[in-house]
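Dear colleague,

Please find below the structure that I am handing over to you.

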Amino acid sequence: RHCTDVVCCVIFVVVILGYIALGVVAWVHGDPRKVIYPTDSYGQFCGQKDTPNENKTILFYFNILKCASPVVLINLQCPTTQLCVSKCPDRFVTYIDVQASYRYKPDQWNYFKQFCKPGFNSPRKSVAQVLRDEDCPSMIIPSRPFLKRCFPDFSTKNGVLTVANQTTFKDGRGKTRNVTDLREAANGINNVLDARSIGVKIFEDYAISWYWILIGLFIAMIVSLLFLVLLRFTAGVLFWIFIFGVIGIIGYGIWHCYWEYDHLKGIPGSDLTVYDIGFQTDFRVYLQLRQTWLAFMVILCGAEVIIILMLIFLRNRIRIAIALLQEGSRAIGYIMSTLFYPIVTFILIAVCISYWAVTAVFLATSGEPVYKVMANQTLCKYANLTCDPETFNSTNVTKLCPGAQCTFAFYGGESLYHKYIFIFQLANAFVFLWLVNFAIALGQCTLAGAFASYYWASRKPADIPLWPLFSSFGRAIRYHTGSLAFGALILAIVQLIRVILEYLDHKLKGTQNSFTRFLLCCLKCCFWCLEKFLKFINRNAYIMIAIYGKNFCTSAKEAFFLLMRNVVRVAVLDKVTDFLLFLGKILVAGGVGVLAFFFFTQKIPVIAQEAPTLNYYWVPLLTVIIGSYLVAHGFFSVYAMCVDTLFLCFCEDLERNDGSTAKPYFMSASLHRILGKKELSPKKA
């Protein structure tokens, strides 16, 4: 053993150090409060401690009609003044009414002014000037806080949309408007509120049933282990039952097609051809034609003949595939610790995801407040230009564009760091993909090394190393970090390109250029195929690295040509393995899911009293089913890696050894018998 792909290892370490530095810089400049707290028109946080807005946790919009969609309210800056308030308004009031009655109803003015700009206390100021300068809203509407923002308190009464049981309101500009003017906002908000209500109920269900969900997942783990152990004895039986079942079903299909073909004989119109009747929207018309059933019968006969011929000519390779599956079950039985290695991979990937997400948030909130001119007049030449709120009132903008304001727009900056925020986000995403692929590669190489030590042991299990999994992990880290990083780098580049293509496709969805859409579709398809191919090559390259300790390119080349020399065996083994593992996943998820269904619906009399009372029984049920499938997938991914490793070792064994005393086979006795050898030669110790 020696260190492989040292240059890539050094680059990988440098990139990790740079990634850490990027996280530190983002942490210094970023401020996640910009995501947590709403921001008013002056760039101040609502509800932030030790500020004038400490007790004002809710954002209030002067004119909610200017931003009817809640998506706009949450993600974009609405073209109206935004103010931090301690509570949302609970009544209909217009500024005109308040101004007319403030002398003999001071309480009404005191209530209304809390929704005006801080410090404003001039009820005698003309309505036109107040609305022009947006000192106060023209009206306030009964609202309720949602996502720390004041939304109109919509409700329905006898199928009619209302706000505080009213269907109309005064807009403060001399007009009476119907609340249906807010229908777009009402629909979006009510959908979100309904989702929140459902979310609360789902959370309650999880709080009550989490204990039983864990029990279900534990049962799934036990069933997965039993299935892997039993594959040693049942792999062949399951496969042949399935194959003969398919042959039987196709045979019945052939008989049924012939029966329909013969039954339609002599019926008027049944001898017409598909060409004669043309295209019909009612496809049952075609079932009245003898030609249709004849075509079905020919297709099924062809499929039956192909399957039977494949079984005849590939029977020996199928036996080898089944023997390797049984050998894989035996290998896992000797190295049980490998079944729990996916937990290590899961932890590494979770750390990568957490670091990426935190860094992305800090990068996204790294800017300083940027203010822009918000003008009511569309022809104002200063609209959307940056401004300084402290000096804005002394400029000519307010004179040339009456009602214009210097309003907070977003967070950004003009420094070098702020100019390259987007590049830093791309780098963050790229290194994240690289690290995730490296964690997966490390797991594959570690498992491959452990299972290879089993195959190449002369006497099993006596010659298997004491701690094969830990030894393999140490070798992978000590000698092959560079090679694993190299393979992960290639895959990360392709995945980043796919992400960029998806982004471009999303942005260009509305375009009418069919050629652009066609080109993007072709590129996405090509890079998807390339990613699948690279994953296949990388997986087998890591196995060869674990066996021989060579660099990535050499291992990938040797693995590729070794597989090409055994391409039929590869295809047969791949399909047989995929079928049995898919059957196992469905068996585990389906079996545990059925048990969970009967339990959570209280249909098991013995333990019906133990079942919790739920709002939605499907919440824990789906969690158990999906969780069971993922648990089974975790265990079976180890098994798939074991079978792939043993297969490459088997192919190497056949090419390097001949079964003689000098070059004995290392394969099991069952594989040796399938190859037609009379007796397994003694192996060297």
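A disulfide is taken here as a pair of cysteine sulfur atoms within 2.5 Å. Please note that the model is a predicted one. By this rule there are 3 disulfides.

Cys116 and Cys136 form one of them, with an S to S distance of 1.9 Å. The link is right-handed, with 110 degrees about the S-S bond. Cys116 sits in the loop between α5 and α6 and Cys136 in the loop between α6 and β4, so the pair ties together parts 20 residues apart in sequence. Both cysteines are buried.

Cys88 is joined to Cys150 at 2.1 Å. The torsion about this S-S bond is about -95 degrees, so the disulfide is left-handed. Cys88 lies in the loop between β2 and β3 and Cys150 in strand β6, so parts 62 residues apart in sequence are tied together.

Cys46 and Cys84 are also joined, at 1.9 Å. Their torsion of about -80 degrees makes this disulfide left-handed. Both Cys46 and Cys84 are buried.

By contrast, the sulfur of Cys649 lies 9.4 Å from the closest cysteine sulfur, that of Cys651, which is too far for a bond.

The largest pocket holds about 1800 Å³ of space. Its lining comprises 48 residues, with Gln444, Arg539, His633, Ser637 and Val638 nearest the centre. Helix α20 gives the most to this lining, with 12 residues. By class, the lining has 29 nonpolar, 12 polar and 7 charged residues.

Finally, the 24 residues of helix α9 should span 34 Å at 1.5 Å a residue, and the 35 Å between its end C-alpha atoms agrees with this.

With kind regards

Notes
Residues are numbered from 1 along each chain as its sequence is written. This is a predicted model: local features need pLDDT of at least 70, side-chain atom pairs count only at pLDDT 80 or more; totals for chains, interfaces and linings use all residues. Side-chain values use heavy atoms; hydrogens and water are left out. Helices (H or I, at least four residues) and strands (E, at least two) are DSSP runs, numbered from the N terminus. The expected span of a helix is 1.5 Å times one less than its number of residues. On a 1 Å grid over the protein atoms alone, a cavity is a set of points where a 1.4 Å probe fits but cannot get out, and a pocket is an open set with protein on both sides within 12 Å along at least five of seven lines; lining residues have an atom within 4 Å of a point. Grid points are joined across faces, edges and corners, and a volume is the space filled by probe spheres set on the points. Ala, Val, Leu, Ile, Met, Phe, Trp, Tyr, Cys and Pro count as nonpolar, Asp, Glu, Lys and Arg as charged, and the others, Gly among them, as polar. Buried means under 20% relative accessible area, exposed over 50%, partly exposed in between (1.4 Å probe, protein chains only).
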